[in-house]
Amino acid sequence: MNRNWIAVASADHVRRGRAEGFMQVCHGKAAPLRRIQPGDPVAYYSPTAQFQAKTKLQAFTAIGMVKPGAPYPADMGGGFCPFRRDVHWLQAREAPIQPLLDRLAWTSGQRNWGYTLRFGLFEVSAQDLQLIAEAMGAVGPA
């Protein structure tokens, strides 16, 4: 049975992952990626447009399905070797979270809904992922 995930990263990092067919979470740590299994759907939430920028975006920026294979290290130079997983990204548009706050189980009625995002990767219900996929106009199964 598949589990459904929300990953958190700046939009510029998510766009690079989409372009190259991978995902990274929690500054490249392997352990969170080991919780995800092939076939699991994942959506990215981006609080900001650029890494370490103050400009808020607060939108879902990618959605896809995790491909077969284990997490693997990728050498990005300068001694930084983050772990990644390959993902089949769906065709989708970015969707702001604000219109969904009252409808998503993990945010509805939560004044401090952003607290959960601090974990970098967390599980959500199939219904929540479906709402996100619909808001993003995702093409293909989510």
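Is cysteine 81 buried, partly exposed or exposed? Cysteine 81 is partly exposed, at a relative accessible area of 40%. Bear in mind that this is a predicted model, so every value I quote is computed from it.

Cysteine 26, on the other hand, is buried, with a relative accessible area of 18%. How many disulfides does the structure contain? A search of the whole structure returns 0. For cysteine 26, the closest cysteine sulfur is that of cysteine 81, and at 18 Å it is too far for a bond. Taken from the other end, the sulfur of cysteine 81 has cysteine 26 as its closest cysteine partner, again at 18 Å and too far for a bond.

Next, helix α1, which spans residues 11-20. Which of its residues are buried? Ala11, Val14 and Gly17 are. They sit on the same side of α1, because the arc they cover around the axis is only 120°. What do these buried residues pack against? Four strands: β2 (22-23), β3 (41-48), β4 (56-66) and β6 (83-89). After α1 comes glycine 21, with a positive phi near 80°.

Serine 46 is buried, and its relative accessible area is 0%. What does its side chain do in there? A polar atom of that side chain lies 3.4 Å from the backbone nitrogen of alanine 11. The side chain of serine 46 also makes a polar contact of 2.8 Å with the side chain of threonine 61. Leaving out residues up to four places away in sequence, serine 46 touches Ala9, Ser10, Ala11, Val14, Leu57, Gln58, Ala59 and Thr61. Two of the buried residues of α1, Ala11 and Val14, are therefore among the contacts of serine 46.

Last, the nonpolar cores. The largest has 22 residues, and those touching the most other members are Ile6, Tyr45, Phe60, Ile97, Leu104, Trp106 and Ile132. At least two residues each come from β1 (4-8), β3, β4, β8 (121-124) and α3 (126-136). Which element gives the largest share? That is α3, with 5 residues.

Isoleucine 6 shows how this looks locally: beyond residues up to four places away in sequence, its contacts are Ala43, Tyr45, Phe60, Gly120, Leu121, Phe122, Val124, Leu129 and Ile132. Another core, of 16 residues, lies apart from the largest one, and its members include Ala7, Ala9, Trp89 and Leu121.

That is what I had. Questions are welcome.

Definitions and conventions: Residues numbered from 1 in each chain as written. Predicted model: local features only at pLDDT ≥ 70, side-chain atom pairs only at ≥ 80, totals over all residues. Heavy atoms only, no water. Disulfide = S-S within 2.5 Å. Buried < 20%, exposed > 50% of the residue type's maximum accessible area, 1.4 Å probe, protein only. Arc of directions from axis to C-beta. Contact = heavy atoms within 4.5 Å. Core = buried A, V, L, I, M, F, W, Y, C linked by side-chain atoms within 4.5 Å. Polar contact = N/O pair within 3.5 Å; in protein donor to acceptor, adjacent residues only side chain to side chain.
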